[in-house]
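Colleague: Could you take a close look at one part of this for me, the charged pairs and the place where the chains meet? Take your time, and give me the cut-offs as you go.

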Amino acid sequence: MALSAFHTPETIEQAVALLAGDPSARPLSGGTDLIVQMQSGRSEAGAIVDIKRIAGLNGIRSDGDGFVIGAATPCTALKEDAALVAAWPGVVEAANLIGSVQVRNRATMAGNLCNASPAADSVPALVAAGATCLIAGPSGEREVPVEAIPVAPSKTSLQAGEMVTAIKLPKRSAGGSDAYLRSIPRTEMDIAVVGAGANITVDAEGVCTSARIAIGAAAPTVVLVEDAGKALEGSGFDDAAMEAMAQAVRNACKPIDDKRGTIEYRIAMAGVLAKRTVMIARERAGGTA
Amino acid sequence: MSKLHVTTSVNGDEREFLCGPGETLLDVLRDELDMTGTKEGCGSGDCGACTIMLDGEMVCSCLVMAAEAQGRVIGTIEGVAEGSELHPVQRTFLDHAALQCGFCTPGFIVAAKALLDRNPDPTETEVRYWLAGNLCRCTGYDKIIRAVMDAAAELRQERTPA
Ligand SMILES: Cc1cc2nc3c(=O)[nH]c(=O)nc-3n(C[C@H](O)[C@H](O)[C@H](O)COP(=O)(O)OP(=O)(O)OC[C@H]3O[C@@H](n4cnc5c(N)ncnc54)[C@H](O)[C@@H]3O)c2cc1C
Ligand code: FES
Ligand code: FES
């Protein structure tokens with residue numbers, strides 16, 4: 001690897017200055033994408049900015065309104081936060097489908113998001129959850145919805161010198177829950193053929209009051225399928241509403257054919273997974289007798 | 001390209017080394033510190049042969065930059081036995097013939113010990129999921145799983161070593 005420097009900033013300001021000062025510098029979180037890409041010659045990184053020594057970037061804070069997950073927090077740490085698991089089980093399970101225990105002890109959701117793979121497992125769950133990310137850059141801080149970050153495979157909307165500092169999950173509303181499922185040929189250590197995340201709220205009568213559905217590996221980026229959520233809202237999850245939801249999901253798919261799955265398979269499977277995921281989220285929300 | 005000076009703890013000893021900014025911790029362990037117990041199978045996080053402990057968590061050393069080790073606590077396969085006293089999981093690997101070529105074994109032992117240190121009573125399913133990031137092309141895994149379950153029983157003192 002032809003790297004010229006390895007930086008270990010201790011503040012966000014230092015990290016941003018290093019990134020802004022060298023267009024070839026890349027943030028390093030867990031390295032489970034970046035180091036693989038450097039080793040195989042697929043990365044143009046000229047210098048590394050390790051963000052793991054920045055105070056406050058590793059850990060989960062509850063800010064009263066929700067959760068602030070530092071960009072350098074490894075996926076396995078999410079499972080150890082009981083309040084986070086109770087509020088956002090789908091996000092935690094999605095992040096903990098990534099790779100192996102060895103990989104998850106390093107991999108972060110921020111890295112999963114910024115690597116911009118359409119098959120990134122935590123991203124559909126985060127999008128369904130309505131998560132946002134905090135971005136620090138040369139012109140200050142901004143906050144954008146998670147779905148605004150990936151724009152194409154391996155491309156993000158981050159500007160020169162910018163980095164994600166945290167992922168924010170909103171407060172869990174009463175009667176709500178979430179879930180994530182993916183389809184893979186093995187049970188572990190594989191890339192999603194299709195993934196689906198669902199976040200729903202159910203009232204005391206079992207009627208869906210809100211729903212957000214997102215799909216992965218079915219288009220160049222993870223997609224928020226707004227029509228799928230609308231198809232469920234106001235329904236009691238009857239067959240017609242579920243089928244309308246699945247149809248909206250299938251309509252949103254623009255997948256590729258590859259060794260993992262054909263276009264037809266991915267589209268059909270996206271509908272199936274979306275239905276299953278909604279049913280799990282509904283059960284978790286207490287919406288089934 | 002200037003070399004970085006790194007001080008770290010390896011198996012309880014303070015170690016120092018110089019590394020390039022693009023070197024992995026696996027490279028340094030094997031080539032600088034002459035600790036060749038940790039193996040390189042794939043170099044891409046898939047096989048687990050390079051598994052080590054970093055600040056108490058198991059990771060693939062091929063996916064850790066050497067410079068990241070500054071001030072960290074590292075544990076490798078060389079630190080699993082206490083002197084000539086094998087760790088129970090090392091002994092049960094021998095008892096069950098849970099290895100053939102042995103290339104995957106250091107990674108499996110480090111990973112299995114990490115599991116048993118936190119949970120000496122895992123189910124077989126838990127063991128299989130925990131070890132999903134370790135590949136073995138020889139044994140077919142079954143003997144490895146038996147060895148880990150047996151080591152767990154020994155650690156719970158339900159079985160006395162033969
Ligand atoms: C064996 C193996 C199995 C895997 N299995 C899966 C899987 O099942 N599902 C899955 O989704 N992924 C999988 N991955 C890919 C990878 O582990 C995940 O994408 C992981 O979440 C990446 O996070 P990281 O912290 O390691 O990112 P890094 O490698 O540190 O970074 C990834 C990219 O994001 C950039 N970046 C990192 N942090 C920031 C930041 N804070 N701000 C801006 N940019 C940043 C980096 O510069 C780099 O371009 C696997 C990887 C391996 C090696
Ligand atoms: S050599 Fe590190 S996982 Fe294979
Ligand atoms: S014993 Fe040969 S790879 Fe496992």
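**Salt bridges and the A/B contact**

Modeller: Let's start with the network: Asp50(A), Lys52(A), Arg106(A) and Glu68(B) are linked by salt bridges (a side-chain nitrogen of Lys or Arg within 4 Å of a carboxyl oxygen of Asp or Glu). Quick ground rules: this is a predicted model, where local features need pLDDT of at least 70, side-chain atom pairs count only at pLDDT 80 or more, and totals for chains, interfaces and linings use all residues. Residues are numbered from 1 along each chain as its sequence is written, chains are lettered from A and ligands numbered from 1 in the order written, and side-chain values use heavy atoms, leaving out hydrogens and water.

Between chain A and chain B the count is 2 salt bridges. The two chains also share 8 residue pairs in polar contact, both residues at pLDDT 80 or more (N or O atoms within 3.5 Å; within protein, one must be able to donate a hydrogen and the other to accept it, and residues adjacent in sequence count only if both atoms are side-chain atoms). On the side of chain A that touches chain B, β1 (5-7), α2 (34-39) and α6 (101-104) each supply at least two residues (helices are DSSP runs of H or I, at least four residues, and strands runs of E, at least two, numbered from the N terminus). The largest share of that side, 4 residues, comes from α2(A).

As for the interface itself, the contact (heavy atoms within 4.5 Å) takes 24 residues from chain A and 31 residues from chain B. The buried area is about 2200 Å², with carbon and sulfur atoms giving 60% (accessible area, 1.4 Å probe, that two parts lose on being put together, summed over both). Phe6(A), Arg53(A) and Gln102(A) supply 29% of what chain A buries against chain B, more than any other three residues.

Over all chains, the structure holds 25 salt bridges. One of them joins Glu93(A) to Arg284(A), with the closest N and O atoms 2.9 Å apart. That pair links distant parts of the chain, from helix α5 (residues 89-95) to helix α11 (residues 263-284), 191 residues apart. Glu93(A) counts as partly exposed because its relative accessibility is 25% (buried is under 20%, exposed over 50%, partly exposed in between; 1.4 Å probe, protein chains only).
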